[in-house]
Amino acid sequence: MGVICLLCSLTGKFLLLIAVALLILKLYLLLCKGVCTSRRRMDGKTVIITGANTGIGKETALNLARRGARVILACRDMDKTNQACREIISKTGNKEVIGHHIDLSSLQSVRDFARVILTTESRLDVLVNNAGAAGLSRKRTQDGLQIEMQVNHFGPFLLVNLLLVTKDLVVELVHQYALFTVTKDLVVKLVHQYALFTITKDLVVELVHQYALFTITKELVVDAPCSLGLLKRSAPSRIIMVTSLLHTRSKLDLTSLDADDWFDDENLYSTSKLANILVANELARKLRGSVEVASSSFLTPSDLADSVEIWQQLNDDQIFSIRPAVTSSVVSPREQIDNSPCNLTGVTANSTHPGFVATEVFRRLRGFRKTLLDIVIKFYAKTPEEGAQTTIYLAASEEVEGISGKYFVDCKETKTSLRAQNVALAKKLWEKSELLVKMSRDEIHY
Ligand SMILES: NC(=O)c1ccc[n+]([C@@H]2O[C@H](COP(=O)([O-])OP(=O)(O)OC[C@H]3O[C@@H](n4cnc5c(N)ncnc54)[C@H](OP(=O)(O)O)[C@@H]3O)[C@@H](O)[C@H]2O)c1
């Protein structure tokens, strides 16, 4: 009898301890919830959100539509998408909410979607790669890739590249300028190249101005009269990858980059989410650009004057005057870039973990695991609106202006796993992904 009483009392204490621990956890989660407090309007801005017919994506779309943005819901089920558009329009009064079809498990569908966007939209300020799936079966897509990896990583990877790509030779040269040693000859060559194309007076003036400062800024690119990638043309613009804390569980490393190694069920979702962060970080590096300038090649005002002679041979409507700024002191490019709070292209890329959110992402779970999860969700999960806060913060807030290559949770910059910070791994993943999505020369953006 005494033993039973002792056991009951011990069990009671144990249960009480668990209840207190769960309560503390609940309080902790409540207190940590990040909220986007920015009231910034987004009138005139265009946003694409993948997987926006439900869950976190739909709440993000609703919030950004309320801020006045033109919101494009990029989804695979058009019935659900049209329904979501109607709902958002009726709640916000913003009629600029439209749906477009994309199935991230098909590379062709991603290419079709990008083509529609590139031909119908004049700008793109924010791209939210939100769509994602977990627990898909171990099958390959028509592209020969593992389906979960394709939906969560390869599809978004291709999409980002297609919306950044620069098709025009002139702009390509300008971008190359950022990669090569700048010499007087190169400047002259560039000017000749420009003379071959339709060039506005403003662009040339801008070029002169920029050369004098040894850097290329987003204004130059924005002004370029050609088919510069939508995201770059609309800079400052933002790319957001919705990833997961589960990325920390991925075992993807430098020795396991072959597609078959990604097909381990356990590792699959977490690996695809690790890939999202690696891509965001690599994008941030690529979009920052670099200017290599030998000290002997600094341009002086007289170098510019030589170039000006060539420019003066242009047609009347291309003749321009040089701004006084050109003759001001020459600044070391490296100094300029190091002091620059932003990057050369003005496009930033960040990733976010939304938290544990009650959405349809768990729809494929079955049996005991599903029952257990439903209970946990009831007590601990965020609502989709709460789960969308960090994405909204990254899309709209002035606080993250110019910030790139960072990972955010609850509207705060947070550390990722060490593996997610591995630069060599990110580069290797990028190169491998380019091959696996069969990117053609003109689909490569940098
Ligand atoms: N919920 C969480 O606790 C949690 C935690 C960490 C990270 N995340 C991430 O948050 C993001 C949003 O997920 P969620 O929780 O809002 O889940 P959700 O409610 O299931 O929404 C996922 C969205 O992705 C779309 N999608 C799935 N497969 C697609 C495909 N092949 N092509 C195009 N779209 C596709 C879905 O479309 P359909 O409706 O047509 O299926 C849906 O719109 C995901 O990237 C997820 O990995 C979620």
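Colleague: What covers the buried residues of helix 4?
Modeller: Keep in mind that this is a predicted model. The cover includes strand 1 (46-50), strand 2 (70-75) and strand 3 (97-101). Helix 5 (147-164), helix 10 (230-233) and helix 17 (423-436) are also included. The buried residues themselves are Leu107, Ser109, Val110, Arg111, Phe113, Ala114 and Ile117.

Colleague: How do you know how helix 4 compares with the expected reach?
Modeller: Helix 4 covers residues 107-120, which is 14 residues. From its first C-alpha to its last, helix 4 reaches 20 Å. The value expected at 1.5 Å a residue is 20 Å, and the helix is close to that.

Colleague: Which contacts join residues at least 24 apart?
Modeller: Take the contacts between residues at least 6 apart in sequence. Of these, 78% join residues at least 24 apart.

Colleague: Why is Gln150 called buried?
Modeller: Buried means under 20% relative accessible area. Gln150 has 0%, so Gln150 is buried. Gln150 lies in helix 5. Leaving aside residues up to four places away in sequence, the residues Gln150 touches include Leu104, Ser105, Thr141, Asp143 and Pro156.

Colleague: Lys232 is a lysine. Is Lys232 buried or exposed?
Modeller: The cut-off for buried is under 20%. Lys232 has 2% relative accessibility, so Lys232 counts as buried. Lys232 sits in helix 10. The C-alpha atoms of Lys232 and Arg123 are 9.1 Å apart, while 109 residues separate the two along the chain.

Colleague: What makes Glu401 and Arg40 a salt bridge?
Modeller: The rule asks for a side-chain nitrogen of Lys or Arg within 4 Å of a carboxyl oxygen of Asp or Glu. Here the N to O distance is 2.8 Å, and the side chains meet in a salt bridge. Glu401 lies in the loop between helix 16 (389-396) and strand 7 (407-409), and Arg40 in the loop between helix 1 and strand 1, so the pair ties together parts 361 residues apart in sequence.

Colleague: Why are both partners called partly exposed?
Modeller: Partly exposed is the range between the buried limit, under 20%, and the exposed limit, over 50%. Glu401 has 38%, so Glu401 is partly exposed. Arg40 has 27%, so Arg40 is partly exposed as well.

Colleague: How many salt bridges does a search of the whole structure find?
Modeller: The search finds 16 salt bridges. One of them joins Arg70 and Glu121, with the closest N and O atoms 2.7 Å apart. This pair links distant parts of the chain. Arg70 is in strand 2, and Glu121 is in the loop between helix 4 and strand 4 (126-129), 51 residues apart.

Colleague: What about Glu282 and Lys427: how far is N to O?
Modeller: The distance is 3.5 Å. A salt bridge needs 4 Å or less, so the pair qualifies. Glu282 is in helix 11 (residues 265-288) and Lys427 in helix 17, 145 residues apart. Glu282 is buried at 2%, whereas Lys427 is partly exposed at 37%.

Colleague: Which residues make the nonpolar surface patch?
Modeller: The patch is made by Phe14, Leu15, Ile18, Leu22, Leu25, Tyr28 and Leu29, and it covers about 660 Å². A patch residue needs over 30% relative accessible area. Leu25 has 38%, so Leu25 passes that cut-off and counts as partly exposed. Leu25 is in helix 1 (residues 2-32).

Colleague: Where does UniProt place the "transmembrane region"?
Modeller: The unreviewed UniProt entry places that feature at residues 14-32. In the model, this span is 100% helix and 0% strand. Its end C-alpha atoms lie 27 Å apart.

Technical notes. Residues numbered from 1 in each chain as written. Predicted model: local features only at pLDDT ≥ 70, side-chain atom pairs only at ≥ 80, totals over all residues. Heavy atoms only, no water. Patch = residues over 30% accessible without salt bridge, like charges linked within 9 Å, V, L, I, M, F, W, Y side chains within 5 Å. Areas by Shrake-Rupley, 256 points an atom, 1.4 Å probe, with all protein chains shown as cover. Helix = DSSP H or I, 4+ residues; strand = E, 2+ residues; numbered from the N terminus. Buried < 20%, exposed > 50% of the residue type's maximum accessible area, 1.4 Å probe, protein only. Expected span 1.5 Å × (residues − 1). Contact = heavy atoms within 4.5 Å. UniProt positions renumbered as here; feature names shortened; annotations may be inferred.
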